[in-house]
Amino acid sequence: MSLHDIACAAGISKTTVSDALQNRHGVSKATRERILRIAQRLGYVPDARIASVMASVRDAKSKDLLPIAWVNTTVEMDSWHKYKFMSPYLAGARERATQLGYYLEELWLQEPGMNMARMSRIIDQRGIEGVILTPPVRHFRLNWDHLAGVSFGGDMLVPSLHRVMGDTFYHLLLALKMVKRCGYRRIGVCLSEYMDRSSSRSIRAAAHYFQTMTPKLDKIPPLFYPGENEMHWPLSKKQIAVWLSRYKPDVIACHSNRIVACVEEAGYRVPEDVGVVHLATDDDVSDWAGIFSNRREIGATTVELIVSLMHSRQFGIPKVAKNTAIRGSWHPGRTLLIPKPDH
């Protein structure tokens, strides 16, 4: 079965059939849907070797890289370059994009004068077919008919796109298991409400599950403080200090680079009085104990997914959105006392 057969059955040109099957501009939605129905009825199967050949052509040294939109939704234009806890995502995505024959076109949602209509025009004018949406955006409305979209992190609600994120449920349970192995008994979980929300409450579920496995005298209720921006942090610090004083944890599992300073300001030494483990030690807290969360791999995997969608012409909002969870590994560091081996 070939494009020629579909064209004859539909009574249109082979070029129009090709454009419709690849979801290119210039073919109406009604025509494209009719061609897809005919192709399905005739049993047409695209040749996967064509996509492979096209990918190898883009991989040539003389190639012109094709664009993928990297949509920055933060309030700062340079946030993905400026902050060490964010930059690994972009670095991993950029490296993988180049390897696959693409480059990241950075678009800032908060740019003065920017709105959804203008961003849609920019994406269309620049011939972009793939869009990566970055946190913390929760709603992002574009015309997705000719676009493939992937988000990373757990913030995105509308539309429901494929997404790539760290396995926060696994990361917290792994961190808690490792500190327990180190001899800690009174283990506290201290996380922001944002972290809880962006994990779709899975990190709260992990914290409460761990409590069911903990002896009654060692149980410490998890603290989910308001946030870490300038408006929320003063209240958050007070809540953390009160929580420390009341429950006296031996060790804290956190996801903030401010926690060590916060614990020390409350009058405790780290790690002598209170140990601290971080759930993402990739860059800004690389000397802390905790979980190396593979942020670069999350960025790279996001690019791999968007490229695969573009190659297979899977545009539009998916009927079934898939989550890809990237697991990290244990990372020892200065914020935890490691027991000496028995002789």
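Start by selecting Arg32, Ile35, Ile38 and Ala39: these are the buried residues of helix H3. Buried here means under 20% relative accessible area, exposed means over 50%, and partly exposed is in between (1.4 Å probe, protein chains only). Now look down the axis of H3: its buried residues fall within an arc of 125°, so they line one face of the helix. That arc is taken from the directions from the helix axis to the C-beta atoms.

Before going on, a word on what you have open. This is a predicted model, in which local features need pLDDT of at least 70 and side-chain atom pairs count only at pLDDT 80 or more, while totals for chains, interfaces and linings use all residues. Residues are numbered from 1 along each chain as its sequence is written, and side-chain values use heavy atoms, with hydrogens and water left out.

**Around H3**

Show helix H1 (3–10) and helix H2 (14–21) next, since the buried residues of H3 pack against them (contact means heavy atoms within 4.5 Å). Helices are DSSP runs of H or I with at least four residues, strands are runs of E with at least two, and both are numbered from the N terminus.

Color the whole of H3, residues 29–42: its 14 residues reach 20 Å from first C-alpha to last, close to the 20 Å expected at 1.5 Å a residue (the expected span is 1.5 Å times one less than the number of residues). Step off the end and you land on glycine 43, whose phi is positive, near 80°.

**On to the salt bridges**

The whole structure has 17 salt bridges, each a side-chain nitrogen of Lys or Arg within 4 Å of a carboxyl oxygen of Asp or Glu.

Select arginine 296 and aspartate 283, whose side chains meet in a salt bridge at 2.9 Å, N to O. The pair links distant parts of the chain, 13 residues apart: arginine 296 is in helix H13 (residues 295–311), and aspartate 283 is in the loop between strand E9 (275–278) and strand E10 (289–292). Arginine 296 is partly exposed at 40%, whereas aspartate 283 counts as buried at 16%.

Arginine 295 is buried at 4%; aspartate 284 is partly exposed at 25%.

Last stop: select Glu193, Asp196, Arg201 and Arg204, which salt bridges with shared partners join into one network.
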